[in-house]
Amino acid sequence: MTTTHIDSPVHILTEDSPDQPTPTAELSALYRGFEKELLVPLWTEIGDLMPAHPQSKATPYVWRWDSLLPLAEEAGRIVPVGRGGERRAIALANPSLGGKPFVSPTLWAAIQYLLPGEDAPEHRHTQHAFRFVVEGEGVWTVVGRDPVAMGRGDFLPQAGWNWHAHHNATDKPMAWIDGLDIPFQYGNETQFFEFGREVISDQERITPARSRSERLWAHPGLTPVGVSAAGAGTPLLAYRWEHTDGALTDQLELESEGFPGVVEPGHAVVRFTNPSTGGDVLPTIRTEMHRVRRGAETAVRREVGSSVYQVFDGSGVVSVGSHEWTVTRGDLFVVPSWQPYSVRSEAGSTDSDSGALDLFRFSDTPIFEALQQNRVQVEGTHS
């Protein structure tokens with residue numbers, strides 16, 4: 001049998017370094033043999049492949065809502081929605097990921113924009129997704145032919161391989177953020193996609209106050225016996241702001257009364273969960289809402305995996321790695337793997353309905369918990 005050799009992409013340097021073999025003619029010849037057979041010795045790569053702690057390729061970065069929204073509005077004027085592009089979604093591109101539309105190596109975040117009377121046609125994909133609304137109302141997302149209203153503060157998850165479309169039933173445009181695990185599935189070569197119907201039915205174009213999923217699954221502590229939750233994610237398609245806001249308010253009030261509930265002084269957190277399992281709403285994405293009391297500062301944390309935050313309300317100062325930004329409503333920022341992160345609330349009654357800094361967060365934590373590779377370090381503790 002004859003082996004056909006190709007131009008090798010492998011290039012191994014002979015280095016005069018304390019942690020490398022002594023450079024010799026024999027070593028150089030050995031490396032050329034490795035290159036010819038597409039082999040790479042571990043001893044030349046271990047520092048990159050097995051570092052002492054995660055070295056993310058992503059960079060901490062902030063995107064300003066007051067810059068994103070005008071560009072989305074201009075895209076609405078110029079770019080149609082339809083087959084091909086399918087969605088008027090504009091992805092955040094981390095500056096260190098080579099121009100790919102990835103906010104981190106595992107997560108996608110985008111601003112999506114829909115004009116009055118406009119439809120985004122039906123499709124489905126294996127990527128797990130959600131929508132979060134920082135302002136506006138009037139769009140219905142239709143998941144499995146179930147129309148679901150979208151309004152400010154609402155969180156709308158959708159597990160992969162569910163048919164979905166959107167329609168704007170009002171006379172005003174609407175923008176929101178999409179989060180998906182596109183980079184994770186892209187990197188692992190697991191993704192599938194299918195086009196659905198060109199037009200949704202008149203029955204799906206209705207605008208009910210509550211979706212069918214909410215009528216079944218949105219009753220606290222109560223599980224319907226007549227149906228089972230099918231699919232990979234939560235059967236509840238909308239988590240309403242009134243409930244999220246109430247839960248955060250109660251935590252901080254309990255803290256003021258001397259009772260437990262907050263994760264640290266002045267910092268309330270709720271996690272969106274699957275009512276049928278109690279676990280995360282999506283297999284690859286964890287979602288939470290944080291409320292930080294004015295003047296409070298969170299502990300410095302490091303976590304395996306990446307996370308993205310959007311300021312829902314209020315203002316504050318965020319530190320990620322060596323970066324520090326003042327953020328306000330709508331701004332988005334990314335925290336790469338194992339970068340130190342903290343936030344100080346400067347919110348008040350003039351810029352926040354709650355008088356606190358409210359942050360929506362999504363992360364890839366379920367992936368690393370499933371692989372038993374999750375790790376969290378909180379400054380000042382032994383976590």
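Which residues of H1 are buried? They are Leu27, Tyr31, Phe34 and Glu35, where buried means under 20% relative accessible area, exposed over 50%, and partly exposed in between (1.4 Å probe, protein chains only).

This is a predicted model, with local features needing pLDDT of at least 70 and side-chain atom pairs pLDDT 80 or more, while totals for chains, interfaces and linings use all residues. Residues are numbered from 1 along each chain as its sequence is written, and side-chain values use heavy atoms, leaving out hydrogens and water.

**View 1. Helix H1, end to end.** Helices (H or I, at least four residues) and strands (E, at least two) are DSSP runs, numbered from the N terminus. Just past H1, Leu38 has a positive phi of about 60°.

**View 2. The two sides of H1.** Back to Leu27, Tyr31, Phe34 and Glu35, the buried residues of H1. Down the helix axis they fall within an arc of 100° (directions from the axis to the C-beta atoms), so they line one face of H1. Over on the other side, Ala25 and Glu26 are exposed.

**View 3. Strand E9, covered on both faces.** In E9 (residues 164-168), 5 of the 5 residues are buried, so the strand is largely enclosed by the rest of the structure. His164, His166 and Asn168 take one side, Ala165 and His167 the other.

**View 4. The neighbours of E9.** Strands pair if DSSP finds at least two bridges between them. E4 (residues 119-125) runs antiparallel to E9, joined by 3 bridges, and Asp119 stands opposite His167. E6 (residues 137-143) also pairs antiparallel with E9, over 5 bridges; there, Thr141 partners His166.
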